[in-house]
Amino acid sequence: MVANKLLTLAFVKTPTNILLGYKKRGFGMGRWNGFGGKVEVGETIDGAAKRELMEESGLVANTLHKIGILMFEFVGDPQLMEVHVFTTNEWKGTITESDEMRPEWFPIESIPYKKMWTDDQFWFPYMLNARPFYGYFTFEGMHKIVYHRLDSVNDL
Ligand SMILES: Nc1nc(SCCc2ccccc2)c2[nH]cnc2n1
């Protein structure tokens, strides 16, 4: 039995703007995304999300709100990615570029979906409207979605 790979993704947002990071290396390189990564052994998911946000953007979130869970399957890879998605609108610290990510604010009206993962355009509206969601996406390669399902949920 291959366990899911447990990952986090956190977004810092105001009512009109969202902070995205340009991934400079590794998985998802060359795309704008939220801040996140692996949940380490002994870490809570929330704790990992806060740590990754701080490491990758320099910001400390006072509270993170769980807004979604995304499952990603890549055809040919038995390990599913289980991504817990968070938002925050209360943070401290100074935005700092890391070796992983170059943070930049975007108006919510001009999110660069063409330079992001293909699935983001499906679930971002749920996140931006604070509607908790559960999504499952099957990828063939790094661009093509061959199956997806996305549902609103009452609690996560
Ligand atoms: N938006 C988005 N993000 C990811 S990976 C996010 C989790 C992660 C993984 C590795 C390093 C840092 C963060 C995706 N994968 C497939 N579609 C996707 N969409």
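Modeller: What follows takes the salt bridges and the exposure of their residues in turn. Keep in mind that the model is predicted.

Biologist: How many salt bridges does a search of the whole structure find?

Modeller: The search finds 11.

Biologist: Why is the contact between Arg25 and Asp99 called a salt bridge?

Modeller: Their side chains meet at 3.6 Å, N to O. The cut-off is within 4 Å, so the pair qualifies.

Biologist: What parts does the pair tie together?

Modeller: Arg25 lies in the loop between β2 and β3, and Asp99 in the loop between β7 and β8. The pair therefore ties together parts that are 74 residues apart in sequence.

Biologist: Why is Arg25 called partly exposed?

Modeller: Its relative accessible area is 42%.

Biologist: What makes Glu52 buried?

Modeller: Glu52 has a relative accessible area of 8%. Buried means under 20%, so Glu52 counts as buried. Its salt-bridge partner is Arg51, with the closest N and O atoms 3.2 Å apart. Arg51 is partly exposed at 23%.

Biologist: How are Glu55 and Arg51 placed in helix α1?

Modeller: They are four residues apart in α1 (residues 45–57), separated by about one helical turn. Glu55 forms a salt bridge with Arg51, the closest N and O atoms being 3.3 Å apart.

Biologist: Which residues do salt bridges with shared partners join into one network?

Modeller: Lys23, Arg25, Asp99 and Glu100.

Technical notes. Residues numbered from 1 in each chain as written. Predicted model: local features only at pLDDT ≥ 70, side-chain atom pairs only at ≥ 80, totals over all residues. Heavy atoms only, no water. Helix = DSSP H or I, 4+ residues; strand = E, 2+ residues; numbered from the N terminus. Buried < 20%, exposed > 50% of the residue type's maximum accessible area, 1.4 Å probe, protein only.
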